[in-house]
Structures are given as C-alpha cells and as structure tokens.
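Hi everyone, thanks for making the time. Let me put the structure up, and then I'll walk you through a few places in it.

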Amino acid sequence: MVISTGISAMSFFTPHRYISLDTLAQHHGIDPAKFSRGIGQEKIAMPGHDEDVVTLAAEAAKPIIDQHGADGIDTILFATETGIDQSKSAGIYVQRLLGLPSNLRNVELKQACYSATAALQMACAHVARKPDRKVLVIASDIARYDLDSSGEATQGASAVAMLVTADPTLLEIGTVSGLFTEDIMDFWRPNHRRTPLVDGKYSALRYLGALVESWRDYQANGGLPYDGFAQFCYHLPFSRMGEKAHLRLAKEAKAEADMQAALPGMIYNRQVGNSYTASMYLAILSTLENSDSDLAGKFLGLFSYGSGATGEFFDAKVVEGYQDHLFAPRHRKILEDRTAVSYDEYVALWQARNGEDGTDTPMPDEAKGRYRLASIDDNKRIYVDRTA
Ligand code: HMG
C-alpha cells in the first residue's frame, strides 16, 4: 500500500526592510523598467545585522509549532547555502529557539538552491516508513551579490518552513520525479568568498537546459502530462526567469503556454527577491495563497533548480480543505508591514559583517521579530528569544 505523504503546514518569513528596485535603478541611472519588466522584480529583502538564516528560519517555523505542537517531530532538515558554520547544523540553534525536544535528528543540507527539495523528498520517504513521525523541513537563505554587479538586482532573503507528514493536509507530494545533474560552473561560492561568482547568462541557459532534461526524465518515469497541471511553480531567482521557464516547458511539451498558470506563484517572490533554497517553496505558498481559483484536487508542477547543477521536476496534489491550513493573513501582513530603505541604508545593511570574521561583538538591535542574533562571543553565535 502506498502511503500518501507531503506537506501539512507551510509558513514563510522575510526581514522587515527592503530596497525598492526603483531606488536601485535611480542610483545606477538606468531605466526602472529594466528591473520591473526585464528582470521582473520589485523589491530586495534586506536582513539587519542581527538577522541570519537561523533567525529567519526560527521566525518561519514558529507559527507551525504554535499550531501543530512538536509531537511526532523526530527530524529537522535545514537546507541552506548561506550556512553560518562549516560544521554545526543551523537547525540545532532553531531546535533550541523553538523549544523542541532533544530526541530529534538534526542535519543541514547543501546543493545551491536545490537542497530543500532533497530534504522534502527525504522527509516524505521517512514518514512513509514511519507514518506516526513528522519532519520539520526548513529552507533559509540570504542571496547576496556584489554591489554594482549584474546580479545585484536579484538579491533577496527569506525562509520557508514545512511540516512533512503522512496523510498531509496541504499538499500530497507525488512519487514520480524527473532528475538531472551536470557538473558546470554557472554559479558557485568558494569558502573564502562572501558573495558568489556567477556567469549570469550561462546560468540562465543551464537552468532552462536542466528544466527540459528534468521534464523529459519525469515523462519517462510516467509523470503527468503538461495539461494535467493547474499551476506551475518554478525556482525563481527573478520572476522573469520563471516566465522564460514556463514558455520553454510549454514548447517542450508542444503545448500552448498559459502565463496565468505560472503568475500567481511569482507574486511573493517579486516582493522578496531570490531566496535560493526557499525560492520555489515561496512560489508554492504564493500560488496557494494568491490563486483566484480553488486548487483543491488539482496538481502543481514543480521545478527546483540549484546551480552547479541539479534540477528536479515533480508534482504535488492540492488537498481538499487546504485553505484552512494556510497562514495567508500572516504572510500578507509580513509583506505589508515592511519599510523601504534608502540607497545609503541599503549599502550599510549590505556591508553588515554579522560576525563573519569571528570578532567578538554585540549586534545592533534591529530585527523586528521574536528571535535575534544578540552577539558573537568568543566565536560563538548567541541567539536570543526576546520573549524568554
Ligand atoms: P543583466 O546583464 O543585468 O541583464 O543580467 P540584461 O542586460 O540581460 O537584461 C535583463 C533583461 O532585461 C533582458 O531581457 C533585457 O532585454 C531586459 P531578456 O533578454 O532576458 O529577455 N531589459 C529591459 N526590459 C525592459 N525595459 C528596459 C530594459 N533594459 C533591459 N529598459 C542576469 C541579468 C540575470 C544575468 C543577472 O541579474 C544575474 O547574473 N543574476 C544572477 C544569476 C541568476 O539569477 N541566474 C538565474 C539562473 S541560475 C539560478 O537560478 C540559480 C541561482 O538561484 C543560484 C543557486 O542555485 O544557488 C542563481
């Protein structure tokens, strides 16, 4: 008997400050339409000195724990490419901040923007074997490129937390996947660098190549036909990339591309920017929370891509009554309550070192959420819960 497995709760968090891409365009003296239309982005989320992938992740996961409790969770899988330690999993800090019990396994996964999908698949396999258990999967990333580089407009930050269970209440994850990996240098970040090296145009080409190859593999493995999907969610380094992906996939499937089947998934991402591992999962939330039609019983086509490069095309069936398990009002409020920063404030935030050189330092109190990185003491990151 095949046990249905998937996601029973999903929640996201993004910092309370952003720079508008109009401000960035004005500073660089270029047409704002290059960003709003050419790249398809409006805002870049900017974390403060006392925010990092741990605080973003804890903020994202807290509503899930508040609503579902910790019962049955025996694993935390933390996906990121903005790790804060080469050894220790960022999820261990989150486990403590959320007050989760000690009898859990806790591990961090990496493969550029793709690793949350590996985490989700592993979590589904685990709960299929142990249906009374649950897995907390968290994708959390801060996308940074050099100032004045062509990637600058595609920065961003967010975390998405997901509760993976048997008999899910939100999304049933399909058992068919299309997989593709090739050894390429399109985007990478050697250990000594704070920002990635990227061959932008090549990366966009290889993203589309991986989409086609993953789709072909998905079809070869007995996946759904193109017209079996109500909506498509893509990894969104910038929303225009999703538009190009959607056109390319339709061409490959010899179908008419309906952009309405991809646009709801881009609404949140346009406001947040790239958030690497969290990006496609933010697109799923955006689809579920912004789609005009009832998606119950319908299928989502999902494409996850991580440079370097790995792609996966898979599907999810939206569960009846899914609307009752979303945090849509909370998510809209997080986006609405944000503040725009000036170009100079953006540069100051961009330069925030966040203890990366190990220097002992208290962090300025900037985060608006419950959790913050209070200081670095003797190379140890000290996270606090303001309410404790
Ligand atoms: P660029 O050089 O700034 O952009 O780099 P451009 O000059 O090619 O212009 C972009 C688009 O804007 C073009 O449209 C222009 O025509 C248009 P396109 O040719 O693409 O259709 N444009 C305008 N449109 C309207 N009005 C105007 C105007 N002017 C120009 N006035 C690039 C763009 C994406 C290369 C750059 O931002 C970059 O390098 N980004 C980072 C890399 C990236 O995001 N790659 C995406 C695929 S790889 C991936 O997704 C993985 C990743 O998330 C990392 C991971 O896996 O960890 C990045």
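Let's begin with a term: by salt bridge I mean a side-chain nitrogen of Lys or Arg within 4 Å of a carboxyl oxygen of Asp or Glu. Before I use it, please keep in mind that this is a predicted model, where local features need pLDDT of at least 70 and side-chain atom pairs count only at pLDDT 80 or more, while totals for chains, interfaces and linings use all residues. Residues are numbered from 1 along each chain as its sequence is written, and side-chain values use heavy atoms, with hydrogens and water left out.

So, how many salt bridges does the count come to? It comes to 18. Here is one of them: aspartate 337 and lysine 333 meet through their side chains, with 2.6 Å from N to O. Aspartate 337 has a relative accessible area of 46% and is partly exposed, and lysine 333, with 48%, is partly exposed too. For those labels, buried is under 20% relative accessible area, exposed is over 50%, and partly exposed is in between, using a 1.4 Å probe and protein chains only.

Next, have a look at glutamate 182 and arginine 206, a salt bridge whose closest N and O atoms are 2.7 Å apart. Why does this pair tie together parts that are 24 residues apart in sequence? Because glutamate 182 lies in the loop between strand S8 (171–181) and strand S9 (187–188), whereas arginine 206 lies in helix H6 (residues 200–220). When I say helix or strand, I mean DSSP runs numbered from the N terminus: H or I with at least four residues for helices, E with at least two for strands. Arginine 206 is partly exposed, at 22% relative accessibility.

Helix H6 also holds a pair of its own, arginine 216 and glutamate 213, which sit 3 residues apart, about one turn of the helix. Their salt bridge has its closest N and O atoms 3.8 Å apart. Arginine 216 is partly exposed at 40% relative accessibility, and glutamate 213 is partly exposed at 32%.

Now back to strand S8, this time for serine 177. Is serine 177 buried or exposed? Its relative accessible area is 16%, so it counts as buried. The side chain of serine 177 makes a polar contact of 2.6 Å with that of glutamate 312, and another of 3.3 Å with that of glutamine 121. A polar contact here is a pair of N or O atoms within 3.5 Å; within protein, one must be able to donate a hydrogen and the other to accept it, and residues adjacent in sequence count only if both atoms are side-chain atoms.

Another buried residue is glycine 91, with a relative accessible area of 0%. Glycine 91 is in helix H4 (residues 90–97). Its C-alpha atom is 6.6 Å from that of isoleucine 76, which is 15 residues away along the chain.

On to the ligand. Which residues are closest to it? Of the 28 residues that surround the ligand, the closest are Glu81, Cys113, Lys201, Lys244 and Ser307, where surrounding means having a heavy atom within 4 Å. Glutamate 81 has a polar side-chain atom 2.3 Å from an oxygen atom of the ligand. For lysine 244, a side-chain N or O atom is 2.3 Å from a ligand oxygen. On the side chain of aspartate 31, an N or O atom is 2.9 Å from a nitrogen atom of the ligand.

On a 1 Å grid over the protein atoms alone, a pocket is an open set of points with protein on both sides within 12 Å along at least five of seven lines, a cavity is a set where a 1.4 Å probe fits but cannot get out, and lining residues have an atom within 4 Å of a point. The largest pocket has 46 lining residues, and Glu81, Thr82, Gly83, Ile84 and Arg189 lie nearest its centre. Strand S5 (105–109), S9 and strand S17 (380–385) each give two or more residues to that lining.

And the largest cavity? Its lining is made up of Ile44, Ala45, Met46, Pro47, Ile142, Ala143, Arg144, Gln155, Gly156 and Trp350. Strand S3 (43–45) and strand S6 (134–143) each supply at least two residues of that lining. Thanks, everyone!
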